[in-house]
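Below are some questions and answers on the overall build of one chain and on a few of its local features. The structure comes first.

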Amino acid sequence: MNVNDFEFIAQLLYQRSGLVITQEKAYLLESRLNPVARKWSLDGFDPLIAALRSNKDERLLVDVTEAMTTNESFFFRDNRPFDQFREIVLPHLLEARAARKQIRIWSAACSSGQEPYTLAMILKEQAAKLSGWKIEIVATDLSTEILNKAKEGLYSQFEVQRGLPIQLLMKYFTQEGEKWRISEEIRKMISYRPFNLLESPAALGTFDVVFCRNVLIYFDQTTKGQVLSRIAQIMPADGYLYLGGAETVLGISESFEVVPGQRGIYRLTNGNANLDRKVG
């Protein structure tokens, strides 16, 4: 791959998705885009680049962009964020929202659905406390292909073995051959929508809790700040944001600050400090 081709495809991906591809990861371009070339009956990477330069077919641009997204996800990933949600954030919201009995949760960059399904199972286990409540989980991703997999709710043995407690597997999944399908009662708790984090989420409405974990790591500092700023605009004063363990707002955004003693959970700067009092 020559320098001009690398810079062309790297800039295209940055503009469409915010992904930053460095020279050190140039090998990913050929390994992930050669299958796209074959799908489009193109004889390898170089003809694909030529097609992208000469043909602005949106379907090809979508295929190239989606091929470069990373879709690593698993149930109850890192455990602690979900323990915090169950034991700290959810009890706080049940008290704070007692009058209107409504909670909205956004799983941003939800990949193949393990994160929103994990949240749905946690909420289902709390059904007695949530009687009469309207709980909405909106799950979004840039890739329509991965959203289709999430909607299907069908996972391999390897996927259900990664973090999913056996009792929840037996309770909420049905085996179909060598795969496992999540139950309809869990699946219908989630609304899946395509969404690009480079755009304004205003049309999605406001959210009491936003999970945006392990996605900012693929953006540069400017894009990270812009994404966090847009998320801040669709959260109430006492809303909470989850980031991945390797992610932070420090030096990137002044819209959020970490909840003291709760690594990975952020609140709006100058927002409501009720959660502090709950955990303090």
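Q: How far apart do the centres of the positive and negative side chains lie in the chain?
A: In this predicted model, the chain carries 34 positive side chains and 34 negative ones. The centres of the two sets are separated by 6 Å.

Q: What share of the accessible surface belongs to carbon and sulfur atoms?
A: Of the 280 residues, 51% count as buried. The accessible surface of the chain is about 13300 Å². The share of carbon and sulfur atoms in that surface is 49%.

Q: Is Asn 79 buried, partly exposed or exposed?
A: Asn 79 sits in the loop between α4 (58–68) and α5 (80–96). Its phi is positive, near 60 degrees, whereas most residues other than glycine have a negative phi. The relative accessible area of Asn 79 is 44%, which lies between the limits of 20% and 50%, so Asn 79 is partly exposed.

Q: Is Ser 111 buried or exposed?
A: Ser 111 is found in the loop between β1 (102–107) and α6 (114–125). Ser 111 is not a glycine, yet its phi is positive at about 55 degrees. Buried means under 20% relative accessible area. Ser 111 has 4% relative accessibility, so it counts as buried.

Q: What distance does α6 reach from its first C-alpha to its last?
A: α6 has 12 residues. At 1.5 Å a residue, the expected span is 16 Å, and the model comes close to it. From first to last C-alpha, α6 reaches 16 Å.

Q: How many of the 12 residues of α6 are buried?
A: The buried residues of α6 include Gln 114, Glu 115, Pro 116 and Tyr 117. Also among them are Leu 119, Met 121 and Leu 123. α6 is mostly covered, and its count of buried residues is 10.

Definitions and conventions. Residues numbered from 1 in each chain as written. Predicted model: local features only at pLDDT ≥ 70, side-chain atom pairs only at ≥ 80, totals over all residues. Heavy atoms only, no water. Buried < 20%, exposed > 50% of the residue type's maximum accessible area, 1.4 Å probe, protein only. Areas by Shrake-Rupley, 256 points an atom, 1.4 Å probe, with all protein chains shown as cover. Lys, Arg positive; Asp, Glu negative; His and termini not counted. Charge placed at Lys NZ, Arg CZ, Asp CG, Glu CD. Helix = DSSP H or I, 4+ residues; strand = E, 2+ residues; numbered from the N terminus. Expected span 1.5 Å × (residues − 1).
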